[in-house]
Amino acid sequence: MVREFGTWLQDTPLSLGLQSTLWFVPVSQSIHILSIAVLFTSAMFINTRLLGFGAGGRSVSDVVATHLPWMWRALAALAITGILQTITEPVRQFITPIYWYKMLLIVVVAVLTARFASQVRAHAAQYDAAATRPASARTFALVSSALWIVIVILGRFIGYVWANYL
Amino acid sequence: MSTPDILISLQNTAFFSAIRGGRPGTEWWFPIVETAHVFSLAVVFGSIALVDLRLLGISATRTPMSKLSEEVLPWTWRAWVVAAIFGSMLFISKADTYWNNFETRMKFLFMALAGLNMVVFQLGAYKGVASWDRSTPPAAARLAGGVSLACWILVVVFGRWIGFKT
């Protein structure tokens with residue numbers, strides 16, 4: 001079923017236009033990689049701070065306020081380039097199971113991150129003081145780090161395994 | 001200049017043959033080393049971008065420049081060393097291909113320029129950071145930030161293009 005949707009999609013004018021624009025995939029993938037760098041490093045600074053081994057100079061709420069906006073901007077750029085890349089080569093993505101696992105995990109970590117962010121905004125002082133910081137903050141740091149790492153690996157490996165599903 | 005003999009010799013050793021998947025059962029070595037390279041380069045770019053955006057007055061403007069540098073740059077260095085180790089493994093495994101590749105040379109050129117820019121900045125504008133730590137950085141500092149960001153973007157873009165051309 002997804003294969004049929006993929007073959008239908010690759011015959012649409014938009015897809016055909018992107019397929020014949022030879023510079024599109026290299027440029028889009030470059031933006032995609034740069035955005036991964038921004039997102040992953042932002043998450044790293046927030047999560048290491050939460051786990052207690054980032055530099056203690058800045059408060060948790062300050063670190064979140066600095067890095068989170070860049071995470072969301074990077075995620076938006078990743079979504080746009082990702083969707084366009086998928087429209088350009090839909091069958092390749094849709095027939096590869098790890099593509100779908102990656103999408104699912106992205107939704108999960110985005111929801112977890114949004115929830116965590118609203119809690120920090122609502123209870124900044126509580127999160128800033130180590131003594132009162134909820135244990136869930138550490139859990140979030142570990143889980144979101146693991147999710148982002150798996151997401152990046154899945155994304156990279158789509159390129160290596162898709163041909164096996166043809 | 002043709003590929004140096006030492007690199008050819010290393011390329012043909014058992015270890016580097018395995019990295020490029022040239023021995024039975026080693027097909028996944030290259031993808032794994034490459035993925036490790038991607039994670040570490042992501043942190044290099046993400047962290048240096050943070051410092052550059054601070055110099056350009058775009059991000060983390062509440063944080064004193066010296067404090068941000070102190071916190072972030074160690075990550076940049078550690079990640080660079082790791083990226084260089086994995087990158088060297090990838091390079092040597094197919095030294096003859098990469099040595100003669102235009103995109104590879106451009107990547108290293110822009111990395112050298114980024115490094116030179118960093119040295120000039122550290123010995124110049126950064127020496128007087130105490131006077132602009134909490135205010136708008138001077139023109140020389142903003143220029144350094146812009147040059148650095150542009151160079152590292154080009155390093156990543158040329159790095160991706162190597163994958164398309166080899």
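## Ground rules

This is a predicted model: local features need pLDDT of at least 70 and side-chain atom pairs count only at pLDDT 80 or more, while totals for chains, interfaces and linings use all residues. Residues are numbered from 1 along each chain as its sequence is written, and chains are lettered from A and ligands numbered from 1 in the order in which they are written.

## Chain B on its own

Chain B has seven helices and zero strands, so its elements read α-α-α-α-α-α-α from the N terminus on. Helices (H or I, at least four residues) and strands (E, at least two) are DSSP runs, numbered from the N terminus. The C-alpha trace of chain B spans about 60 × 30 × 25 Å along its principal axes.

Of the 166 residues in chain B, 36% are buried; a buried residue has 20 or more other C-beta atoms within 10 Å of its own, an exposed one 12 or fewer, and partly exposed lies in between, with C-beta atoms placed from the backbone. Two residues are in contact if their C-beta atoms, again placed from the backbone, lie within 7 Å. Take the contacts in chain B between residues at least 6 apart in sequence: 76% of them join residues at least 24 apart.

## Where the chains meet

On the chain B side, 20 residues are in contact with 21 residues of chain A. H3, helix H4 (65–93) and helix H7 (139–165) of chain B each supply at least two residues of that side, and H3(B) gives the largest share, 10 residues. By class, the side of chain B that touches chain A has 13 nonpolar, four polar and three charged residues. Here Ala, Val, Leu, Ile, Met, Phe, Trp, Tyr, Cys and Pro count as nonpolar, Asp, Glu, Lys and Arg as charged, and the others, Gly among them, as polar.

## H8(A) and its two partners

Axes are lines fitted to C-alpha atoms, for helices over the stretch in contact, and angles run from 0 to 180 degrees between N-to-C directions. Among the contact residues are Val152(A) and Phe157(A) from H8(A), plus Val38(B) and Phe39(B) from H3(B).

Inside chain A, the axes of helix H3 (residues 24–50) and H8(A) come within 9 Å and cross at roughly 155°, and therefore the two are roughly antiparallel. Val152(A) turns up in this contact too, with partners on H3(A) including Phe40(A) and Ala43(A). The contact residues divide into nine nonpolar, three polar and one charged.

The largest nonpolar core has 62 residues, and Ala37(A), Leu39(A), Phe40(A), Ala42(B), Phe45(B), Trp152(B) and Val156(B) touch the most other members. A nonpolar core is a set of buried Ala, Val, Leu, Ile, Met, Phe, Trp, Tyr and Cys residues joined through C-beta atoms within 7 Å. Leaving out residues up to four places away in sequence, Phe45(B) touches Leu34(A), Ala37(A), Trp152(B) and Val156(B). A second, separate core of seven residues includes Phe91(B) and Tyr98(B).

Trp77(B) lies in helix H4 of chain B. Is Trp77(B) buried or exposed? Exposed, because Trp77(B) has 11 other C-beta atoms within 10 Å.

Notes
Parallel < 35°, antiparallel > 145°, perpendicular 65-115°, else oblique.
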